[in-house]
Amino acid sequence: MLKQQQEPRMRDHHHTQLLDIAPDAFAEDLKWLLEGVDAPQALEDLEPWRNTIVKRYFEPAEEQEPSQPGPAVIDVENEAEDESEVEFRVITQLNSIISRVDLARQQWQDEVTEAFLAHEEEISEFSTDMNYCDSTIKLIEEALTKHYKSLEAASTYIKNLHTESSALSACLDNRQAFLKAVQGYLDDIAVSPSLIKAICHEPIGESYVRLLEQFQAKVHRMKTLYDGAPYPSLHPSKIQMKKLELVIVGRIYDFMRLEIAKLATPKANLQMIQNTNFLRLRPLFAYVRDTNANYANEIKNQYAKTLRKIYCHLFSSYYAALERCRRKNRYRDIGVFMKRSTKTPTGYFLLDDRDQLVINFKDDPIVPTGLELESLGFEEIFKSFLKLLVDTAFSEFVFISQFFEQGVTSMFTYIFEETMLHLRARVETLVKSSYDVVMLITLTLLFAANRQVMQNRGVTLLDETLGKLQNDLYARAMHHLKNMAKHVMSCTLQASSSTLDMWLPGAHSVNLSNLVYSVLRLKGTQDKLGITPITFDSLDHLIHVTVSALTLRGRKLSNTTKLNVFVIANCVAFLHPLQEFKESVVEFEQPLNKHIESYVSGYVGVQFENIINLVKSIKHAPESNPQNSERTTSAGEETETQDPDASDDATKIDHETVDKWRTAADEFVQSGREKFKAITAKVELHFAQEAAVERVNDAVLKAIDDIYAEFYTNLASFIDAGNRYLLENLPKSTKIAEWLTTNHD
């Protein structure tokens, strides 16, 4: 019942939607659909959403079973009548639409037909043109089809040609790669005829080194690239290269032996030949060494033997040439230091700038040509010899290391063995025959300095031999110093009194002073040279023994004056050259000052006995009668306080004392200079050396000055105002030395 009531309502809703469509718009839509190629053949195909609505009006309604009328039958019937009226109106509208559509279509067909008939001729001509064009197009299509087929054939042919060309290109690449590989193989294993001819006949030199490098490159490539390769062509090449190796080694061997033999040419500059010729040909020997070790050893042995003889002859002849200009050896025994030199008044063991010789040990060697006889000492000879030896040894060591590379130590030692034996023989001869300690120490320092140079250069192969020679020279020098100490002690103690009278000073004091000065100066060169310090304990021992010998022997002299003169003369002679080394010879100062004081006090005490006694007596006067008087006196002032109860005897003694001091003062003014001159005359008579005279005179002046100062001070305390002229006549106590040493007008 409810469903039946809803269906009319839905139908009315559909009608409402359908009637809302404008008839003109609906007709145009139908016209458009009919004109289309794919126009719908039925109304339900127009718009799907309208199909269900339109379909209800064109399809028969489904039959329904009759139902029994109920209470609402009347209302339903009314509604059905209304619905039928609406349906009729819709159908009427649709029929009008259909008729208008049919009319519009008929009209359109008529218009088209009229238009077609009006343009029939044009259409006919157009049709004819179209047919002609169509035939033309067909011809063109046929031509294009044939051309396309020909192009397709050409393209196929071109593709075939490209394929064949690629194959040919691959074949050509393979051929070229094969040729390249074969050419490389031939270049690696084959030796060109020009290279073979050059290796066999080209003169050996720098150009031959380049040929050898080319040949070595081929041998190296064959060994590294084709070692063990089963190529039949390799066997003949290996045989050919082996033959060439034998030829090269033989030629280089003969050439090197010939060049080494040329080194023995007199006056040949070995270093220049080594640096200009041999080092440039170093690859030749390296090739022989790597190829044939026996030939290489023979070359090394020949070079070592040749250079051994050359250097031995060179250095022996050089030493002999310098030795011909050597001064005679004046130090042939240990007693030379006890002798006086006739040629050199200053004595033996002089320094003679030998310290500068050591400092300048790097100076160029001496050229023997044009040297005068007796113009060289052993020091100059060995300095020049060692300089030449060190430079030559270093140059040779560098050459051997660069050229031969292997076995440098044994080869270098063998080359210089005879030269070092010759040097050792010369040193041993010198050590046995010379007692010149300064020369031996100088040579010791020269050896030490040259050893330091070799060590700094990194060449220590000769250091052991040079060190032994240095130790021999040093030991011999120290041995001589010890023997000199013994000889000084024995000669001094055993000397007679008459001999001692002649030692003013003794020759040994002068010579030992020269020796000590020279050794100390040479000792100071060690810091400048930067060598390992060398101790000189034997020299300190010699100084101590010399002092002891002088004092011990002097005590046996019966005359005090002779003792003082002996000690002073010898000590001053020893100390005077050693002013810059006072700390090293301080042992001499104490006995010297002691005996100078004794000597001076003796003569000054005699010449100035009067004033000395007065000074001594006045020192005891206050102690004997301290209550008699008190005086405080200075050079220009006097303050006297007398006891009012003093007796006349005391006054008389004071006058007598003043008279004595007055007399002594007058005597000093009149004869003081003469007495001083008498003392200095004695001094000059006793001492021959100016240094001794000067030192003793200074001591005399000091002694007189001390005595006179006391005398002057005490004299001023005794005199009264009436005797002031005495002080005016006396020289001032501060100027007594100047007064004594100036002449009186």
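The axes of helix 13 (residues 378–403) and helix 14 (residues 408–415) come within 10 Å and cross at roughly 145°, the axes being lines fitted to C-alpha atoms over the stretch in contact, with angles from 0 to 180 degrees between N-to-C directions. Helices here are DSSP runs (H or I, at least four residues) numbered from the N terminus. The model is predicted: local features need pLDDT of at least 70 and side-chain atom pairs count only at pLDDT 80 or more, whereas totals for chains, interfaces and linings use all residues. Residues are numbered from 1 along each chain as its sequence is written, and side-chain values use heavy atoms, without hydrogens and water.

In the contact (heavy atoms within 4.5 Å), Ala393, Glu396, Phe397, Ile400 and Ser401 of helix 13 meet Val408, Met411, Phe412 and Ile415 of helix 14.

The structure holds 29 aromatic pairs, counted where ring centres of Phe, Tyr or Trp (its six-membered ring) lie within 6.5 Å; planes under 30 degrees apart are stacked, over 60 edge-to-face and the rest tilted. Two of these pairs are tabulated below.

| Pair | Centre distance | Plane angle | Class |
|---|---|---|---|
| Tyr319 and Phe382 | 5.6 Å | 70° | edge-to-face |
| Phe412 and Phe416 | 4.8 Å | 45° | tilted |

Tyr319, in helix 11 (residues 293–323), and Phe382, in helix 13, are 63 residues apart and link distant parts of the chain. Both Tyr319 and Phe382 are buried, that is, under 20% relative accessible area with a 1.4 Å probe, protein chains only. Phe412 is likewise buried, at 0% relative accessibility, and Phe416 is buried at 1%.

How values were computed:
Helices (H or I, at least four residues) and strands (E, at least two) are DSSP runs, numbered from the N terminus. Buried means under 20% relative accessible area, exposed over 50%, partly exposed in between (1.4 Å probe, protein chains only).
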